[in-house]
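Open the model in your viewer and keep the selection tool ready.

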Amino acid sequence: MTQHQRLLIIDFGSQVTQLIARRLRELNIYCEIHPYNRVDDAFLASFAPQAVILSGGPDSVTRPGSPRAPEALWSFGVPVLGICYGQQTMMQQLGGLVESGHGTAEFGRAFVTPGADKLSILDGWFTDGNEQVWMSHGDHVSRIAPGFQVYGTSPNAPFAITADVSRNFYAVQFHPEVHHTPKGAKLYENFVRLAGFTGDWTMAGYREQAIAQIRAQVGDKQVICGLSGGVDSSVAAILIHEAIGDQLTCVFVDHGLLRKDEAAQVVAMFRDNYNIKLIAADESDLFLGELEGISDPEVKRKTIGRLFIDVFQKYANQIEGAEFLAQGTLYPDVIESVSFSGGPSVTIKSHHNVGGLPEKMGLKLVEPLRELFKDEVRALGRELGLPQSFIGRHPFPGPGLAIRCPGEITREKLEILRNADAVYIDQIRKHGLYDDIWQAFAAILPMRTVGVMGDGRTYDYALALRAVTSVDGMTADYYPYTHEFLGETATRIINEVKGVNRVFYDCTSKPPGTIELE
Ligand code: XMP
């Protein structure tokens, strides 16, 4: 089995810790993020990292009881890079001094100038004399630890970059992982090279290793997998199928809330192209029947979630000897976050998934994508031979068109919505915009408006078009189409889709809006 080199990121709770992992994965370095309070000396020994990065964090090392790196780290013998809070705890633990305030806080853009000596992790830096970095610190190091030397200073951080080269300890006050530190990725690259990483984390290697792991976990037992038609569950299914063939059965539930021709496309892809055992269950009457008369968004979501679990369970029960449930869980879903506030966050929307099923049915989980970020799942999909047109598809929510149909859902509205959405997406593809947009869709509004077509009066539905750019769906901006594009698209939709006589474009970002309308 392929074993790759490992880097450990100890998380002190910074908002941008995940970005450190992203920058490293882009360099084909395998890394994991673990919260500081889970990383003790024993964990460190068993994880056996080849290098360690200490993240930033919101606490102050001057506060008694504040987070620390495990003591064993300092004699572990691998390179360590401390960032912001990580730098400060490194200094404090190794005999330096950190102080609060005194007007030396720095937030935002700053420029670092080089020290007298060169430092290998700064290769490629300072080509214009200084380097832009992104700072975000209230505390500052006022005395560096014995053995450390200064390699870069900024106006408010005389110890912006320090290192003890003999022990391979490096410390920076700024955040190299954010885009506002333009040469941050280079700094990480230099750091991992000096730590001896060869960049052995590739999707070809991962595929081989994941297949071996799935075989070892599942043995000769049966696995069921809920397919949504989205990229994650599809890649998971194809990978598992490659590992165990006919021991996998996929269940695809058509809840009547899919896009035009979507059910047929999913069935064709999995059954015909990949020869995967597939139960395609048309349960649209059940879902649409139960949704009749419901207009409250949360009730809609809960109804769909409940029915989905019931239906899935019904079909799963037909698969004799099923002991495992496959899920397309991704790494961002499993990173245990460091919570300083403690309290539960407010529910904006209840997301629909098959959570709760495994316990209810006594199933064990197979989650072959648990270590991957979304773009790595896409890369794995390409590695497995999935067509780019499928891999690059915009996300589609579990509750489907239900949440793009504010107010009561009717078959008539769904039909209009499907047709309009198809024209809209066709327009986007024709104009070559599909890959620039994170997600685009039409929504049918709960109103009719008056229009005139030919010589007659119309009284038809109004549509909202939505298109956003985003990185992770957490925040989003509306897509700046040209007026020509919007005009042409509105005309096409009204001409080609019966039942629509008015088209709006949604210019709301997230926040304050959400991406979906409900
Ligand atoms: P919102 O509307 O919350 O959506 O800004 C953010 C992203 O999540 C998708 N979404 C869902 N995905 N089940 C899903 O699998 C859901 O219940 C769900 N609700 C929203 C949405 O399409 C967008 O990509």
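Helices (H or I, at least four residues) and strands (E, at least two) are DSSP runs, numbered from the N terminus. This is a predicted model: local features need pLDDT of at least 70, side-chain atom pairs count only at pLDDT 80 or more, and totals for chains, interfaces and linings use all residues. Residues are numbered from 1 along each chain as its sequence is written, and side-chain values use heavy atoms, with hydrogens and water left out.

**Stop one: the annotated site**

Zoom in on G230. It lies in the loop between β12 (222–227) and α6 (231–244). G230 is partly exposed, at 25% relative accessible area (buried is under 20%, exposed over 50%, partly exposed in between; 1.4 Å probe, protein chains only). Leaving out residues up to four places away in sequence, G230 touches F390 and R393 (contact means heavy atoms within 4.5 Å).

Step to V231, in helix α6. Is V231 buried or exposed? It is buried, with a relative accessible area of 7%. Beyond its neighbours within four places in sequence, V231 contacts V377, F390 and I391.

**Stop two: the lining of the largest cavity**

Now select Q87, H137, H140, V141, A157, P158, F159, A160 and Q173. These residues line the largest cavity (on a 1 Å grid over the protein atoms alone, a set of points where a 1.4 Å probe fits but cannot get out; lining residues have an atom within 4 Å of a point). Color β10 (157–164) and β8 (140–143): each supplies at least two lining residues. β10 gives the largest share, four residues.

Terms used: On a 1 Å grid over the protein atoms alone, a cavity is a set of points where a 1.4 Å probe fits but cannot get out, and a pocket is an open set with protein on both sides within 12 Å along at least five of seven lines; lining residues have an atom within 4 Å of a point.
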